[in-house]
Structures are given as C-alpha cells and as structure tokens.
Amino acid sequence: LVIGGGPAGIEAARGAALAGHAVELHDANAHLGGQFTVAAYPPGKGEFTTYVAWAANELRRLGVNVVLNNRLDPTDIADMRFDHVILALGSVPAPPPIPGIDGENVVAAGDILLNRRSARGEVVIAGGGLVGVETAIYLAIEGKRATILEMLPSAAQDAGALVREHLYRLLDHYRIDVRTGHTIVNITPEGVTARDAGGTESFYPAETVVLALGARSDPRVSQFAEALKSSGIAYTVVGDARGIASNALDATREGFEAGVRV
C-alpha cells in the first residue's frame with residue numbers, strides 16, 4: 001500500500017510494481033501529482049503536468065490499483081491486510097503563529113494557483129520564496145497586483161541561480177513590489193503590518209493575504225507510524241513525509257528506491 005499520490009508516492013508505487021509486487025495507491029485528492037500539480041500552474045511550468053500524465057499511464061500499465069478521493073485514516077490500516085505500507089503523505093503549510101493568520105482574508109498560495117480561492121482587491125503575499133514569487137507573477141499575469149513581504153535579504157533564495165535570475169526579470173517586468181528584510185507582525189481584515197530590518201513598522205493594505213511561508217511534513221505521519229507498529233505491519237516513510245525534500249527529483253528518487261527495495 002502506498003499512501004499519497006505526489007511524486008514520491010507515484011515513484012514508490014511504480015518501483016514496487018516493477019519489483020513484482022501487487023500495489024495499491026491511495027490519495028485524498030481527485031488527481032495524482034500532489035505538490036507537483038500546484039507547481040505546474042505558475043508561468044512557464046505547464047510541462048510539469050507531462051510527468052504526471054506519463055506517471056498515471058505507467059501505473060495503469062503496471063497494474064497499480066489507484067484509488068483517488070480517498071483520505072485514509074490510521075485506523076483503516078489494520079483491516080486492509082497489506083504486507084508493507086509506504087507513507088508518502090507529503091507536506092502541509094507551516095504558517096508561523098502570527099496574530100490574524102487564521103483570518104477569513106488569508107488564503108494559501110496553493111489554493112490560489114489551483115483556483116480554489118480567488119485573490120480580491122489589493123494583495124499582500126506573505127513569503128518571498130519560490131512559491132511566493134511565482135504566485136505574485138501568476139497574479140500579475142491575471143492583472144492583479146501584489147506586494148511581497150519577505151523576511152530574508154533577497155527573494156526566491158530557495159530557487160536555483162538560473163531560475164532565480166529569470167524570476168527577477170519577471171518581477172521587474174510586472175513591476176511587482178518586493179519588500180525584503182520585512183517580518184510580519186500581524187494580519188487584520190484591512191491588511192498586514194510588517195517590521196523592517198531597522199525596526200520600523202509599516203502597514204500594507206490588503207483585502208487578500210496569500211500565505212507562502214513554507215511547509216512541514218504531514219503531522220499524520222506519526223499517527224500512521226504508531227498504528228502500523230501496533231499492527232505489526234512494516235512501513236517506509238518517503239519524500240516530504242520524511243522531511244521536506246530539496247526538490248522533486250530527490251523525492252522521486254527516494255520514492256522509487258523505497259519501492260524497488262520492498
């Protein structure tokens with residue numbers, strides 16, 4: 001059993017099937033891909049969907065039973081009678097404890113990119129890493145202006161040098177306001193207060209605040225691990241579920257190797 005249909009889970013299922021195992025993959029979403037699907041929405045990254053389409057075809061060809069729209073709980077595991085479980089639950093947003101971060105005007109960047117939520121009025125993007133910058137550019141193409149607030153000295157530090165250079169050109173082209181060295185103090189229905197490196201606080205009006213403040217492993221991993229231990233079922237944890245992978249290539253390699261080694 002593979003739980004999670006992101007890159008690590010897909011490759012774990014593919015690897016296990018190639019090794020001769022009967023494999024079942026469950027994912028809570030209506031489609032495979034996980035965060036890889038979200039990554040395909042920013043400008044210039046649509047080809048990411050090619051991998052997901054290819055992988056879905058490969059899983060069908062290899063006889064993997066893919067079950068979508070099914071969010072498994074740890075209590076479900078004991079009755080399913082699998083010999084080995086690969087946990088590829090991925091990651092969840094990891095917002096810091098900022099006052100107002102649970103407000104109705106606050107949305108996750110992934111929900112914007114997947115068109116689950118819309119950005120209205122003036123927009124502030126909390127976090128200027130790769131996801132925050134790409135979301136700002138995505139909104140700019142739609143004709144919506146956003147201000148990026150980033151705590152580090154420069155934006156998109158988690159992107160490779162060539163990608164970062166390209167993103168900077170797009171930020172300039174769309175005249176996106178990037179405020180680096182800014183720490184968010186609080187969020188209100190009217191906007192965001194942030195403090196710069198010198199200690200000066202400024203208010204940024206925003207009808208919509210988009211969170212792009214990083215991610216952490218899905219906390220359900222430990223619950224599944226305990227349930228599997230209690231049931232005596234062997235398991236492996238891969239991808240972002242084990243620790244946030246530096247890139248998708250690392251996650252796919254780790255998932256595939258876990259699958260073929262079962």
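Guide: Contact here means heavy atoms within 4.5 Å. The model is predicted: local features need pLDDT of at least 70, side-chain atom pairs count only at pLDDT 80 or more, and totals for chains, interfaces and linings use all residues. Residues are numbered from 1 along each chain as its sequence is written, and side-chain values use heavy atoms, with hydrogens and water left out.

Visitor: Which residues does R145 touch, not counting those up to four places away in sequence?

Guide: R145 is located in the loop between α5 (130-141) and β8, where helices (H or I, at least four residues) and strands (E, at least two) are DSSP runs numbered from the N terminus. Its relative accessible area is 58%, so R145 is exposed (over 50%; buried is under 20%, partly exposed in between, with a 1.4 Å probe and protein chains only). Beyond residues up to four places away in sequence, R145 touches V123, Y174 and R175.

Visitor: What separation do the C-alpha atoms of R145 and I184 have?

Guide: Along the chain, R145 and I184 are 39 residues apart.

Visitor: Is R175 buried or exposed?

Guide: R175, one of the residues that R145 touches, is found in the loop between α6 and β9 (177-179). Its phi is near 55°, a positive value in a residue other than glycine. Most residues other than glycine have a negative phi. With a relative accessible area of 66%, R175 is exposed.

Visitor: A156 also has a positive phi although it is not a glycine; what is its relative accessible area?

Guide: The phi of A156 is about 55°, and the residue lies in the loop between β8 (146-149) and α6 (161-173). A156 counts as buried because its relative accessible area is 0%.

Visitor: At roughly what angle do the axes of helix α1 and helix α8 cross?

Guide: Axes are lines fitted to C-alpha atoms, for helices over the stretch in contact, and angles run from 0 to 180 degrees between N-to-C directions. The axes of α1 (residues 7-18) and α8 (residues 248-261) come within 6 Å and cross at roughly 30°.

Visitor: Why does α1 count as roughly parallel to α8?

Guide: Angles under 35 degrees count as roughly parallel, over 145 as roughly antiparallel, 65 to 115 as roughly perpendicular and the rest as oblique. The crossing at roughly 30° therefore makes α1 roughly parallel to α8.

Visitor: Which hand does the crossing of α1 and α8 have?

Guide: A crossing is left-handed if the near helix is turned anticlockwise from the far one by less than a right angle, and right-handed if clockwise. The crossing of α1 and α8 is right-handed.

Visitor: How many nonpolar, polar and charged residues form the contact of α1 with α8?

Guide: From α1, residues P7, A8, E11, A12, R14, G15, A16 and L18 meet A251, T252, G255, F256, G259 and V260 of α8. Ala, Val, Leu, Ile, Met, Phe, Trp, Tyr, Cys and Pro count as nonpolar, Asp, Glu, Lys and Arg as charged, and the others, Gly among them, as polar. By class, the contact has eight nonpolar, four polar and two charged residues.

Visitor: How far apart are the closest N and O atoms of the salt bridge between E11 and R14?

Guide: Both residues lie in helix α1, three residues apart, about one turn of the helix. E11 is buried because its relative accessibility is 5%, and R14 is buried too, at 16%. They form a salt bridge (a side-chain nitrogen of Lys or Arg within 4 Å of a carboxyl oxygen of Asp or Glu), and the closest N and O atoms are 2.9 Å apart.

Visitor: Which residues are in contact with E11, leaving aside its neighbours within four places in sequence?

Guide: E11 belongs to helix α1. Apart from those neighbours, its contacts are Y51, W54, T252, G255 and F256.

Visitor: How many salt bridges does the count give?

Guide: Another pair is D177 with R179, whose closest N and O atoms are 2.9 Å apart. D177 is partly exposed at 28% relative accessible area, as is R179 at 33%. The count comes to 10 salt bridges.
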